[in-house]
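Please look through the sequence and the model below before reading on.

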Amino acid sequence: MTAFLTLIIVLFIAVAIWQMVKIFDLAQVGASNSQVANDKDNRLNGYLMMGFLIFIYAITIASFWYLGDLPLVSNAASEHGKDVDNLMIISMVVIFIVQTVTQFLLHYFAFKYKGEKGRKALFYADNNTLEAIWTFIPVIVLAGLIIYGLFTWTSIMNVDESEDPLVIELYAQQFNWKARYAGEDNTLGMANVRLIDIDRANILGVDESDPNSQDDIITTELHLPVNRPVLFKMRSQDVLHSAYMPHFRAQMNCVPGMITQFGFTPTVTTQDMRLNPDIAEKVANINAIRSENKDEIEAKGQELLYEFDYLLLCNKICGKSHYNMQMKIIVETEEEYNAWIKEQKTFDNSLTN
């Protein structure tokens with residue numbers, strides 16, 4: 001009913017505006033209706049262009065002033081995170097400089113060379129110097145960004161397996177994640193979605209006959225030891241998903257029928273990240289909002305206070321519950337990790353008859 005009344009009100013407002021326009025047109029009888037702009041029109045448009053230039057500069061300055069604190073480029077929790085952040089900052093600085101200069105030239109020229117009666121425009125058929133400038137400068141800048149980005153990407157993706165990284169499989173399905181640890185041999189057993197056997201609790205399709213699979217550990221929560229390289233192997237059971245861990249600057253598609261991978265070294269424990277001033281401020285703001293909606297939150301049976309955790313998210317729209325596809329990541333000391341992993345059941349002990 002509310003939607004219907006809103007539609008009726010919008011319709012009435014549209015009709016009223018239409019009638020006002022008709023009245024305005026009737027009031028202009030006898031006035032000039034020439035479609036050719038005169039000097040007054042050109043001056044007005046020139047001033048409007050300069051006014052709009054001032055407006056967009058003011059908005060830019062205000063955005064930097066009020067929104068310029070960007071915690072998402074200051075709280076990287078992986079070894080390669082700073083490289084990714086530097087690439088982002090450099091790209092944004094270049095874009096900002098280009099935008100500032102080009103917008104000034106665009107609006108200033110529109111004002112300076114506005115139409116005036118009796119004034120003729122000077123036309124250049126071509127200008128080789130200008131063509132060279134606006135061709136070579138973008139080529140050099142973009143080539144520099146691309147080459148820097150390529151080297152950064154290569155250094156991130158070339159996982160040094162001689163460092164004996166912890167091997168973990170991330171298994172995506174609509175709409176949840178599972179993690180499979182490679183166990184004491186640090187080698188994942190073979191797996192295939194055709195081997196899924198719900199009756200035996202083989203939910204990931206792990207090959208029961210593969211010796212390497214017997215000590216694998218399947219969990220619904222991801223624990224990582226700090227300062228130890230981790231190599232993720234990724235699979236999808238159904239559709240295209242994307243494993244996204246924002247604080248670790250890590251993202252890789254999970255593609256049905258193939259295995260993809262991504263590796264990084266976590267450098268900040270969950271507990272230390274909770275003490276980060278940016279994170280602490282963000283958590284405080286969230287809890288202030290949640291406190292204002294205390295009754296509604298508690299009625300849903302949810303915890304009132306939010307506590308920061310690293311998250312594994314799906315960054316591909318994979319279906320109606322895509323928004324809910326996440327898994328907690330806990331980064332802890334090596335001792336805490338070892339104590340946790342010892343409490344988990346191995347694959348051969350988790351199967352049911």
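Which residues in α3 meet which residues in α4? In this predicted model, D83, V84, N86, L87, I90, S91 and V94 are the residues of α3 that take part, and their partners in α4 are V141, L145, Y148, G149, T152 and I156. The points below describe this pair of helices, then the protein chain as a whole, and then several residues one by one.

**The pair of helices**

- Two packed helices are described by the angle between their axes and the distance between the axes.
- For helix α3, which covers residues 81-112, and helix α4, which covers residues 128-157, the axes come within 10 Å and cross at roughly 170°.
- Because angles over 145 degrees count as roughly antiparallel, α3 is described as roughly antiparallel to α4.
- Sorted by class, the residues in the contact of α3 with α4 are eight nonpolar, four polar and one charged.

**The protein chain as a whole**

- The protein chain contains nine helices and ten strands.
- Its radius of gyration is 30 Å, whereas the globule rule gives 20 Å for 353 residues, so the protein chain is more spread out than a compact globule.
- Taken along the principal axes, the box filled by the C-alpha atoms of the protein chain is roughly 95 × 65 × 45 Å.
- Of the 353 residues in the protein chain, 29% are buried.
- The protein chain exposes about 23,300 Å², and carbon and sulfur atoms supply 63% of that area.
- If we take the contacts in the protein chain between residues at least 6 apart in sequence, 70% of them join residues at least 24 apart.

**Buried residues and their contacts**

- L170 lies in strand β1, and with a relative accessible area of 0% L170 is buried.
- The C-alpha atoms of L170 and F232 are separated by 6.6 Å, although these two residues are 62 residues apart along the chain.
- When neighbours within four places in sequence are left aside, the residues in contact with L170 include K178, A179, L222, F232, M245, L312 and M327, and R235 is also one of the residues that L170 contacts.
- R235 itself is placed in strand β5, which covers residues 230-236, and R235 counts as buried at 7% relative accessibility.
- Not counting residues up to four places away in sequence, R235 touches a set of residues among them E169, L170, Y171, R180, N192, L204, C254 and I259.
- V206 is found in the loop between β2 and β3, and V206 is buried as well, with a relative accessible area of 0%.
- V206 and I196 are ten residues apart in sequence, and their C-alpha atoms are 7.2 Å apart in space.
- With its neighbours within four places in sequence left aside, V206 is in contact with R180, M190, A191, L195, S213 and F347.

**Backbone features in loops**

- Most residues other than glycine have a negative phi, and most peptide bonds are trans.
- Q174 and F175 are joined by a cis peptide bond, for which omega is about 0°, and F175 lies in the loop between β1 (166-173) and β2 (176-181).
- N227 is not a glycine, yet it has a positive phi of about 65°.
- The loop between β4 (222-225) and β5 is where N227 is placed, and at 53% relative accessibility N227 counts as exposed.
- R249, a residue other than glycine, also has a positive phi, with a value near 50°.
- The loop that holds R249 runs between β6 (241-245) and β7 (250-254).
- Is R249 buried or exposed? R249 is buried, with a relative accessible area of 13%.

**A residue in the helix α1**

- T2 has its place in helix α1, which covers residues 2-27, and T2 is exposed, with a relative accessible area of 62%.
- How many residues apart along the chain are T2 and R290? They are 288 residues apart along the chain, and their C-alpha atoms are separated by 27 Å.

Note on methods:
Residues are numbered from 1 along each chain as its sequence is written. This is a predicted model: local features need pLDDT of at least 70, side-chain atom pairs count only at pLDDT 80 or more; totals for chains, interfaces and linings use all residues. Side-chain values use heavy atoms; hydrogens and water are left out. Axes are lines fitted to C-alpha atoms, for helices over the stretch in contact, and angles run from 0 to 180 degrees between N-to-C directions. Helices (H or I, at least four residues) and strands (E, at least two) are DSSP runs, numbered from the N terminus. Angles under 35 degrees count as roughly parallel, over 145 as roughly antiparallel, 65 to 115 as roughly perpendicular and the rest as oblique. Contact means heavy atoms within 4.5 Å. Ala, Val, Leu, Ile, Met, Phe, Trp, Tyr, Cys and Pro count as nonpolar, Asp, Glu, Lys and Arg as charged, and the others, Gly among them, as polar. The radius of gyration is taken over C-alpha atoms; the globule rule is 2.2 Å times the number of residues to the power 0.38. Buried means under 20% relative accessible area, exposed over 50%, partly exposed in between (1.4 Å probe, protein chains only). Accessible areas come from the Shrake-Rupley method with a 1.4 Å probe; for residues, only the protein chains shown count as cover.
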